[in-house]
Every structure is written in structure tokens, then in C-alpha cells.
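Here is a short note for a reader meeting this structure for the first time. Please look at the fold as a whole before turning to single residues.

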Amino acid sequence: MPDIELLIMMLALLMAIGALAGVLAGLLGVGGGIVLVPSYFYAFQTLGYDGPQLMQMCLATSLATIIVTSLRSVHSHNKKGAVEWSILRGWGPGIVVGAVIGVMVAASLRSATLQGIFGFLGLFIGAYMGLGRSEWRLGAQMPVGIARAIMSPIVGFLSVLMGIGGGSFGVPLMTLFATPIHRAVATAAGFGVIIAVPAVIGFLFVAIDPAQRPPLTIGAVNLPAFAVTIAMTLLTAPLGVKLAHAMDPKPLKRVFAVFLTLAALNMLRKAFGY
């Protein structure tokens with residue numbers, strides 16, 4: 001049996017992580033994974049679980065929470081008619097293929113390599129959040145044909161390697177191709193479901209050394225982290241939404257971009273052994 005004091009510490013850390021992720025999701029519209037992965041990494045490492053497969057557990061557990069939060073988000077947005085189902089139908093198969101490949105690649109990599117990938121991609125996302133402009137465009141509509149066949153697996157693949165849903169890549173992609181922002185956010189929640197479901201199924205079959213995984217971990221998914229995060233996120237996300245309506249979110253997004261950049265740099269530091 002795991003030590004009771006260790007379980008209490010783990011519970012407190014996970015409650016704080018879930019509460020923060022919920023507030024930021026409601027306040028800034030960012031997916032929880034971009035916050036959860038580095039937070040899980042810190043929590044598990046602090047509790048002594050610092051093996052070569054630590055990042056696999058962080059990615060898998062983050063993606064498990066995204067299944068629940070994305071389904072809830074899609075349902076809410078669909079009631080308002082904001083989900084672009086034609087985009088989901090067209091991009092879904094390629095995203096699933098990319099997600100499955102992402103699980104296979106992530107399962108074969110060491111934690112330090114995945115930290116480096118998260119760090120580099122996190123810098124890219126942070127730069128876009130901080131410096132991007134709403135008027136930027138790459139085209140008048142979402143790509144189809146060969147372009148979609150190439151781009152959709154890349155979205156799924158990179159999202160799994162970062163343990164994130166559809167928001168961080170999907171929203172910028174759709175807005176760059178002239179999809180209105182509220183529809184892009186709604187549809188990106190659907191991307192999250194399409195990414196997370198096959199990815200989590202795959203991660204459930206990834207073998208983690210029992211001596212290097214937190215209690216109650218199935219495959220690479222830690223059940224206590226999943227359950228506590230979902231509970232806290234559902235409680236605190238409405239608070240984030242209220243704060244978003246009470247203040248201008250644009251400067252807050254830039255502040256979060258700085259936070260994400262620092263988190264990404266810290267991941268890179270650890271990846272290179274410093």
C-alpha cells in the first residue's frame with residue numbers, strides 16, 4: 001500500500017493543478033493540456049516518480065482529462081450552433097491517424113526527448129499567443145484534398161506528443177483560414193475528442209515500470225490525477241468564464257504566453273540535463 005502522507009501530498013497538488021487549469025480554460029480559452037502536462041511533470045517528479053517514462057504518464061493523463069472536458073465543451077457549443085461539423089468530418093480521419101502514430105512514437109521515446117519536444121512546440125505556441133494577430137490569414141477557407149490529407153495527421157501527431165487537445169493547434173489553424181474565432185474554438189473542442197480518445201486507448205496499453213509510476217496507474221494513465229483534475233476543472237472553469245467577462249482577456253493572453261514560454265524553457269532545460 002502507498003504511504004498515506006504521500007497520497008495526501010499528491011491529492012493536494014492535483015487539486016491545485018486542476019483548479020488552475022479550470023480557471024485558465026475559462027478565462028483564456030486555452031486547452032487544459034498545455035497547463036496540465038508541465039504541472040503533472042512537476043507533481044509526479046516532486047513525489048519521487050522521475051523515471052524515463054514520466055512524460056508518457058503526463059501526456060496520457062492529460063489526454064484522458066481532455067476527453068471529458070472536450071465532450072462537455074462540444075455539447076455546450078453545439079447547442080449554440082457554433083460547431084462546424086463539416087470541418088470535423090473532413091479533418092477527423094487524418095487527425096485520428098496522426099494521434100495513433102503519435103502514441104506509438106511517444107511510447108518509444110524517453111522522457112527527456114518528450115520534454116524537448118514539448119519545450120520546442122510550447123515556445124512556438126507561446127510566441128503565437130503573444131505575438132499573433134487576429135487579421136493574419138493563410139487562405140479564405142479550410143484546406144481540402146492533398147493539403148488536408150497532409151495537415152490533419154500533423155495536428156493529431158503533434159497534439160499527442162504534447163498531451164494537448166485541439167485548441168492550441170486547431171484554433172490558430174482555423175482562424176488563419178478565415179474561420180470565425182467563436183466557431184474555431186467550438187470546432188477545436190471536437191478536435192480534442194478526436195485526438196484524445198484513440199490516444200488514451202493506446203496509452204492504456206503502454207507498460208510503465210511499477211516502481212516508477214504513481215499509485216493507481218493503468219497503462220500510462222494515472223486515475224487519481226484524472227479524477228481530481230476533472231472534478232476541480234468543472235468547479236473552477238465557471239469562475240474563469242466570469243473573470244473573462246469582467247476584464248479584457250487580451251493582455252491576460254499575453255501574460256499567459258509569457259508563462260507558457262517560461263514553462264517551455266524549463267522543460268528544455270530539464271531535457272538537456274541542466
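1. The model is predicted. Its protein contains ten helices and two strands.

2. On overall dimensions, the C-alpha atoms occupy a box of roughly 55 × 45 × 35 Å along the principal axes. The radius of gyration is 18 Å, and this agrees with a compact globule, because a globule of 274 residues would have a value near 19 Å.

3. Of the 274 residues, 50% are buried. The accessible surface is about 12,600 Å², and carbon and sulfur atoms account for 71% of that area.

4. The protein carries 16 positive and 7 negative charges. The mean position of the positive charges lies 13 Å from that of the negative ones.

5. Which residues touch the most other members of the largest nonpolar core? They are I34, L63, F191 and F203, in a core of 74 residues.

6. F203 deserves a separate look. Apart from neighbours within four places in sequence, F203 contacts Q56, L59, A60 and L63, then V103 and A106, then V160, and lastly G219 and A220. One of these partners, L63, is also among the core residues that touch the most other members.

Methods. Residues are numbered from 1 along each chain as its sequence is written. This is a predicted model: local features need pLDDT of at least 70, side-chain atom pairs count only at pLDDT 80 or more; totals for chains, interfaces and linings use all residues. Side-chain values use heavy atoms; hydrogens and water are left out. Helices (H or I, at least four residues) and strands (E, at least two) are DSSP runs, numbered from the N terminus. The radius of gyration is taken over C-alpha atoms; the globule rule is 2.2 Å times the number of residues to the power 0.38. Buried means under 20% relative accessible area, exposed over 50%, partly exposed in between (1.4 Å probe, protein chains only). Accessible areas come from the Shrake-Rupley method with a 1.4 Å probe; for residues, only the protein chains shown count as cover. Lys and Arg count as positive and Asp and Glu as negative; His and the chain ends are not counted. The place of a charge is taken as NZ of Lys, CZ of Arg, CG of Asp or CD of Glu. A nonpolar core is a set of buried Ala, Val, Leu, Ile, Met, Phe, Trp, Tyr and Cys residues joined through side-chain atoms within 4.5 Å. Contact means heavy atoms within 4.5 Å.
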